[in-house]
Amino acid sequence: SSAAMLDGAFLQLIARTKQRVLLSSEGDLSGRFIETGGAERLTFGPGGDFRVLADADGGLQLGGRFGEARIESPPVGRFNQINGAAALAVLSLLNAGFSADVLSSFRGMARRQTVLHRDLTLTVVEDYAHHPTEITALIDCLRAMEPERRLVVVFQPHRYSRTKQFKHAFADALQAVDQLFLLPVYAAHESELDGGRVVDLVEAFDAEPPEVLSMDPDGIGRLVDSVGTGPVTVAFVGAGDIDHFGGMFTSMHRTEFESSAAWCDFLKGRVSPECVLKQEEPLSNKTTMRIGGAARFYAEPSNLCDLRALLRAAKLFGLETFYLGRGSNLLVPDEGFAGLVIRFSGPAWRRTEVLGSGRLWTAAGVRLKEICGHAAKAGLAGFEFLEGIPGAIGGALRMNAGAMGNWMFDVVERVQFLDEAGQLQDLPKDAFHFGYRKVEEISRGIALGAILKSAEVETEASIRDRMHSYSSSRKESQPRDPSAGCIFKNPHGNFAGKLIDTYGVKGMRVGAAEVSAVHGNFIVNRGGACAADVIELVRQVRAVIHAKSGYVLEPEVLLLGKSWDDVLGEIEPIKEGMNHG
Ligand SMILES: Cc1cc2nc3c(=O)[nH]c(=O)nc-3n(C[C@H](O)[C@H](O)[C@H](O)COP(=O)(O)OP(=O)(O)OC[C@H]3O[C@@H](n4cnc5c(N)ncnc54)[C@H](O)[C@@H]3O)c2cc1C
């Protein structure tokens, strides 16, 4: 049984110990080992060789092998005091003297009775307790620390199997608080188990069943309403990710429930100092089209840890997220974006490295132009088609950007990305489903970087010649005014630009948005265009092309936070007054 295995593990440890074993004088586990093995056995605690007794003034009275002494201001909590007694016994065995205040400098353990906030009316505590005995000890400790405050506990059960095994003991332990809330079970990689879900735990309560909260802003709102005002301790208890829920509650309280400020407050200390966090950040200057409103929340993570923290916070605060590269395939609506825009622009996302064997590592924020430069310098051919595409590698992977008869996945060997579940993946090209301007896995996740592979080795001069000729042909065929590149995808069997040209739509204009006279598949911003102009122009171009050719043009440029289908609706018949040449 697992109990026998546990005993066996301790016995092995004791058998390997040569000199002395220190055991707590309390608890049956210690009792079972007291007479076994060769090393000297000593105990610490109320009835131990090293005697430690709590006194009425909050101190510890030492006796037995310690000699008579008193310890002032030990840490609060039964287990903290037991551990403190063990530490003092070790010091004695080492003949290291200690002062009466030796334990008062102990700051506590992370996620153990961590005080997230304390003011006159509210104390917020977070603790890792996930076993009924631990929970009882924690409740006793919290009651002792602040006896005059009401005690509210939010408990997140950890693992379905543990919840199933201990649900009645959990209910007994948790019934001792003044008000209790539960969160859904933290799975810790387990599959759901009958009898081990939070509803099963709710049923284990004899008295009034506790309320189950959702782990999101609604759950926080519900908790705030129920807790009310007055001297209260709110403890967030469990070994899963309840610490984030506790952190969110604390940030909400500290910022008087203003969610933008709470988001910043929550992230402080959870992201690196280099991570940029902003609110109401203008986006037009981060796109090539130079159009659109602001992002309500905006961040530039400086590393993967920052990115993960941002994603966790976005989930908790219920924010939609968008990953921004160079904004060269993007239309930002005039009203902006109510969610979180994450942009990969810090130094960690701009790293490239020539790996040998014709390969190149490149992080998500590296500009395609820079990749061409590095590759040419290293004599790696095959990347020249990227010259002149004004994006970064993350966006190019997501879009499977292409030109001159090649596309991104021609040169991809592996891609490192976070999948939609937030798991880090490092997969070879064959694992991806890619096609014209789409890569399924990356459109659901976040590209972090890629290993690109060269077709062959050539001299730098011949590679640069090819880059130069591609660049010249772009200059001749593409407009200089701000745009987002080709506005429509090529329909099957035809070219959007050719159709627009053939049916005389070049020059069509709405406000300051215009179908380019240089390249029919570009909509350009002639100065001061707004997103509504571009959207209306897209609608009108589609209507004309559909009416005249039967082709339905689908936008290639992405519309931030919206679906083109919703915005455009059905294709309309051509209207009087449409300027369609
Ligand atoms: C003048 C001009 C010429 C162009 N020529 C071409 C061309 O020849 N061929 C071509 O294919 N395109 C072309 N484009 C369009 C555009 O440059 C490409 O689609 C480019 O790959 C987009 O990269 P970006 O970094 O700007 O992405 P963004 O526009 O910032 O984003 C595009 C999409 O990629 C997603 N994304 C960005 N970074 C990541 C990431 N790290 N992980 C997951 N998703 C991410 C975004 O969420 C968004 O959905 C052109 C654009 C312009 C303005």
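Which helix and strands each supply at least two residues of the shell around the ligand? In this predicted model, they are strand E14 (321-324), helix H12 (393-399), strand E20 (402-403) and strand E26 (446-453). Among the contributors to this shell, H12 gives the most, with five residues.

The shell can also be described by its residues. The ligand is surrounded by 36 residues, and the closest are Tyr 323, Gly 325, Ser 328, Gly 402 and Arg 474. Sorted by class, 19 residues of the shell are nonpolar, 13 are polar and four are charged.

Gly 325 places a backbone N or O atom 2.8 Å from an oxygen atom of the ligand. Ala 392 likewise has a backbone N or O atom 2.8 Å from a ligand oxygen atom. With Arg 474, a polar side-chain atom lies 2.8 Å from an oxygen atom of the ligand. The ligand taken alone exposes 970 Å², and the protein buries 93% of that.

The chain as a whole is assigned to domains: domain 1 (2-93), domain 2 (114-257), domain 3 (265-347), domain 4 (351-475) and domain 5 (478-568). The centres of domain 1 and domain 5, taken over C-alpha atoms, are 77 Å apart.

One residue elsewhere in the chain is worth a look. Arg 41 lies in strand E2, which covers residues 40-45. Arg 41 counts as buried because its relative accessible area is 15%, and the cut-off for buried is under 20%. The side chain of Arg 41 reaches the backbone oxygen of Ala 39 at 3.2 Å.

Conventions:
Residues numbered from 1 in each chain as written. Predicted model: local features only at pLDDT ≥ 70, side-chain atom pairs only at ≥ 80, totals over all residues. Heavy atoms only, no water. Domains from an automatic or database assignment. Helix = DSSP H or I, 4+ residues; strand = E, 2+ residues; numbered from the N terminus. Buried < 20%, exposed > 50% of the residue type's maximum accessible area, 1.4 Å probe, protein only. Polar contact = N/O pair within 3.5 Å; in protein donor to acceptor, adjacent residues only side chain to side chain. Near = heavy atom within 4 Å. Areas by Shrake-Rupley, 256 points an atom, 1.4 Å probe, with all protein chains shown as cover. Nonpolar A, V, L, I, M, F, W, Y, C, P; charged D, E, K, R; others polar.
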